[in-house]
2 protein chains.
Amino acid sequence: MPNILEKFAKMATENAPGQEARHDDGHLHTIMVGDVLPGEPVDFSHGDVDAHAPTPGAREIWNEGYDAGGCQAYTEYRGLAEIRDGVARRLAAFTGAPVDPVHELIITPGTQGALFLALGATVDTGTKVAIIEPDYFANRKLVTFFGGTILPVGLRYQGADDETGLDLEALEQAFQGGAEVLVFSNPNNPTGFVYSQHEIQAMAKLAAQYSVTVVADQLYSRLLYSDAQFTHFRACDTCPKNVITIMGPSKTESLSGFRLGVAFGTAAIVDRMEKLQAVVSLRAAGYNQRVLETWFNEPEGWMADRVAQHQAIRDDLLQIFNSAGLPTTIPQAGSYLFPRLPELTVSPVDFVRLLRLQAGVIVTPGSEFAPWTANSVRLNFSQDHAKAVAAAKRIVTMVERYKQ
Amino acid sequence: MPNILEKFAKMATENAPGQEARHDDGHLHTIMVGDVLPGEPVDFSHGDVDAHAPTPGAREIWNEGYDAGGCQAYTEYRGLAEIRDGVARRLAAFTGAPVDPVHELIITPGTQGALFLALGATVDTGTKVAIIEPDYFANRKLVTFFGGTILPVGLRYQGADDETGLDLEALEQAFQGGAEVLVFSNPNNPTGFVYSQHEIQAMAKLAAQYSVTVVADQLYSRLLYSDAQFTHFRACDTCPKNVITIMGPSKTESLSGFRLGVAFGTAAIVDRMEKLQAVVSLRAAGYNQRVLETWFNEPEGWMADRVAQHQAIRDDLLQIFNSAGLPTTIPQAGSYLFPRLPELTVSPVDFVRLLRLQAGVIVTPGSEFAPWTANSVRLNFSQDHAKAVAAAKRIVTMVERYKQ
């Protein structure tokens, strides 16, 4: 039992998005400076699906699924065959490489579910896993849970370094050091950095050379800004044998409330993922699966509008943070901003809690993404435009207030 | 990597309910005896939610959840606080012991999700786990996945033995042998056996004495027949410190398509389960959570009708199997029947596949529930009454055809 307690101690969710309701913030009143800043609250820890509504028709298609009854309630563990057919075809077109709907795709409870199953199917006690830092916080927690060993590989990003990009030498060292699995998000979470074609090709070549299994989390790859180009890892010329790509309609499409994701790639891994899904939660909720019919099937122009709206919010927030001297990577895709804060008179985690109490602003502490990014905060800027701008200004005011 | 392949080899889903679409049944044509039996197909591997419709109002309440928008899409990982409030109050009344909605309850993606999280929060490499045999197949698979060791404890049930009930001496031996966790379903899956008050009290006392954590899967405890009495483990006089009870509206209430379950009990375990949920699938699908408002809140008389309908089907099927000389425990609760078949000229697994091909009947092979129950099959009799009766008769015909 002591082991399991240690393991779970490393999986803390205290500072995770959405868990604010469980905080005890009593001590903050002793370190608080100044009054409450007026303004409408903004929760930057996740996107606002009220400001950016779910894909048109999602509700109607869900109701059709409910009407379909038992055949939609009970599907294969990997999801209903007809739905997998259409999704596989559309994902093949999007990523530029074929997807066999029978053997190479599984529908999961959210993209989080896909990530859990992919790592559960490839990481066991002692498995060495190359993890990019900074990157999505669950990557490290999952490796810990499955008993694997983390081999961190640094990502230099604008705002933190002069040079940007993946440290390919460090990646090769991790592979030489015995990494059997590489997991990374592209666009990078939390910075919005998109890997260059050169980087992706080099990563694929190295992974093939060292027989590394690659889990590519491309959750946000549809929300690509006009100044960016995206390279799909799975469509590289020299690809490793084992590649799983993860996506889902939870973010860009504001369909998070349905908990839908997919993983697609190497059939043997998808098989193991289905075995694991059978004991984790059987399947993604049956009626909800039907909503995948809307995915990559949106009304004409809808996605372009959504991208343009987000690009406009991005640009306004970047201007606010840059003017205030908070170094911030320009996100090339996705809806995350990761401004770096100066030295403060309070700890970064306390500052994040003060932001909520005094500025009505919820952000995610940078310490969730890498041990060395505690002085940054992550914002999901998929918000009401005007409210987000006002809230970003309040963050700047709070930084001024607590700056050393 | 070899370890993980071995682990997953033990987690086969080939014979699991709902996976029939993935079978290759080519060889069966060489051993097939007789023609196809006419009749409407019945899938006894799960309940028929078209024959027994979801709780009245479920769809309308789901749509209200969707209308509520972001606050319902993004909840705490353990589920929306207001929903937990009501559910905790109603579960306390049902089980006869208090439930703190803030610390002692988590909403999960189905009862399967609750079971996964409960064992993931208590079983680690080397943890010894007492498992009842026969019992729900995922119990053994989950312990295997988490690297634990199974200590089997036999359940004698009508049809298999003259004497019925749990082998309490074997249970104490498992505890003496170092079991730290006990997981069991009550009513028992697959037999429908309900533990007596004496048995539950004795189990609780032993678990308290040996400081064993108990996971009580009471998924079917609401579907209790008129001739039965149910004892809630968590309300025992002498209870162990760590008890998690699992339930959900997926079965009796035909709400499986929503993937909703709950686990309630010891706060420290619920805390770990929430940390695990954060990396497994974040939360039960947000809009779906709203449907828990209907749970233990059904229209007056609705549950009594549902129980009566199932009791009538149970009695007719029992009569068919008993008349044919297939020993079958009388289920005191739930909707499973577990008839024992005589020696056949084909293997039990092939017989199950022949049932599907020749009789249009899907059942679950007994080998899924214990190593020694391969000559039984499990039927979920939550089906259209007339179709179920006709299908049970076809099973008997098939048994006659293949009997040694």
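At what angle do helix α9 (residues 267-280) of chain A and helix α5 (residues 110-120) of chain B pack, and how far apart are their axes? In this predicted model, the angle is about 95° and the axes lie 7 Å apart. Angles of 65 to 115 degrees count as roughly perpendicular, and α9(A) and α5(B) are therefore roughly perpendicular to each other. On the chain A side, the residues that meet α5(B) are A:Ala278, A:Val279 and A:Val280, and their partners are B:Gln112, B:Gly113 and B:Phe116.

**How the two chains are related**

Now let us look at both chains together.

**A helix pair inside chain B**

Chain B has a helix pair of its own to explore. Helix α7 (residues 168-176) and helix α8 (residues 197-209) of chain B pack at about 15°, with axes 10 Å apart. That makes α7(B) roughly parallel to α8(B), and the crossing is right-handed. Among the residues of α7(B) in this contact are B:Leu168 and B:Phe175, while α8(B) contributes residues including B:Ala202, B:Met203 and B:Leu206. The contact of α7(B) with α8(B) divides into seven nonpolar, two polar and two charged residues.

| Helix pair | Angle | Axes apart |
|---|---|---|
| α9(A) and α5(B) | about 95° | 7 Å |
| α7(B) and α8(B) | about 15° | 10 Å |

**The sheet of chain B**

Strands of a sheet pair through backbone hydrogen bonds, either parallel or antiparallel. In chain B, eight strands form an open sheet with mixed pairing, in the order β2-β9-β8-β7-β6-β3-β4-β5. Its edge strands are β2 (105-108) and β5 (165-166), each of which pairs on one side only. Further in, β7 (residues 213-217) and β8 (residues 243-247) of chain B run parallel and are joined by four bridges. There, B:Val215 stands opposite B:Ile244 in β8(B).

Helices also rest on this sheet. Helix α4 (residues 81-95) of chain B lies across β2, β8 and β9 of chain B, at about 110° to β2(B). We also meet α7(B) again: this helix touches β3, β4, β5 and β6 of chain B, and its direction makes about 170° with that of β4(B).

Key: Residues numbered from 1 in each chain as written. Chains lettered and ligands numbered in written order. Predicted model: local features only at pLDDT ≥ 70, side-chain atom pairs only at ≥ 80, totals over all residues. Heavy atoms only, no water. Axes fitted to C-alpha atoms, helices over the stretch in contact; angles between N-to-C directions. Helix = DSSP H or I, 4+ residues; strand = E, 2+ residues; numbered from the N terminus. Parallel < 35°, antiparallel > 145°, perpendicular 65-115°, else oblique. Left-handed = near helix turned anticlockwise from the far one by under 90°. Contact = heavy atoms within 4.5 Å. Nonpolar A, V, L, I, M, F, W, Y, C, P; charged D, E, K, R; others polar. Pairing = 2+ DSSP bridges.
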